[in-house]
Amino acid sequence: IGVGYEYQSYFTYVNMPEMARHNTEYYLRIQNSYFPILSVLFGWLANYGLFIVGICFMYIYRLVKRLKRISEVSLLNRFEEAALIHTLYDSFIYYIIFSLICSLFAFVWYASICLIIFFYFVSVISFLENKYMDSLMTN
């Protein structure tokens, strides 16, 4: 379990190496104040903990598996939208890869466009499962 949202600053300050405290930037800006997290992924782990982040990653993994299954079934049954569904699967994979690479650095992951794109894929997966429920059950 993590330390909570925005409470990592205290722990980073306490556990900062001594050599990092002997520079101008430390004396001018950081001393007894906020120390930023420079990686979104490690910030998630510090704020929310391995358990919560693991649940989120498991949810995303299951979304990818569901969309892959829908894509494979649509290609097997030669649905009209098979190419579109496969393109959606590829774009979701690229979105996840891009987001994971960006999360190693600092970016605003909670910006509206990032969340809109993610929940677009969530809703499309749900819609496609409802539309092709019979085909998914037989294969």
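Student: What makes F118 count as buried in this predicted model?

Tutor: F118 has a relative accessibility of 13%, and buried means under 20% relative accessible area, with exposed over 50% and partly exposed in between (1.4 Å probe, protein chains only), so F118 counts as buried. Residues are numbered from 1 along each chain as its sequence is written, and side-chain values use heavy atoms, with hydrogens and water left out. Because the model is predicted, local features need pLDDT of at least 70 and side-chain atom pairs count only at pLDDT 80 or more, whereas totals for chains, interfaces and linings use all residues.

Student: How do you know that F119 is partly exposed?

Tutor: The relative accessible area of F119 is 49%, which lies in between the two cut-offs.

Student: Why is the pair of F118 and F119 called edge-to-face?

Tutor: Rings of Phe, Tyr and Trp (its six-membered ring) pair if their centres lie within 6.5 Å, and planes under 30 degrees apart count as stacked, over 60 as edge-to-face and the rest as tilted. The ring centres of F118 and F119 are 5.2 Å apart with the planes at 75°, so this pair is edge-to-face.

Student: What makes the pair of F92 and F121 tilted?

Tutor: The centres of F92 and F121 are 4.8 Å apart, and 45° separates the planes, an angle that belongs to neither the stacked nor the edge-to-face range. F92 lies in helix α4 and F121 in helix α5 (residues 112-131), so the pair ties together parts that are 29 residues apart in sequence; helices here are DSSP runs (H or I, at least four residues), numbered from the N terminus.

Terms used: Helix = DSSP H or I, 4+ residues; strand = E, 2+ residues; numbered from the N terminus.
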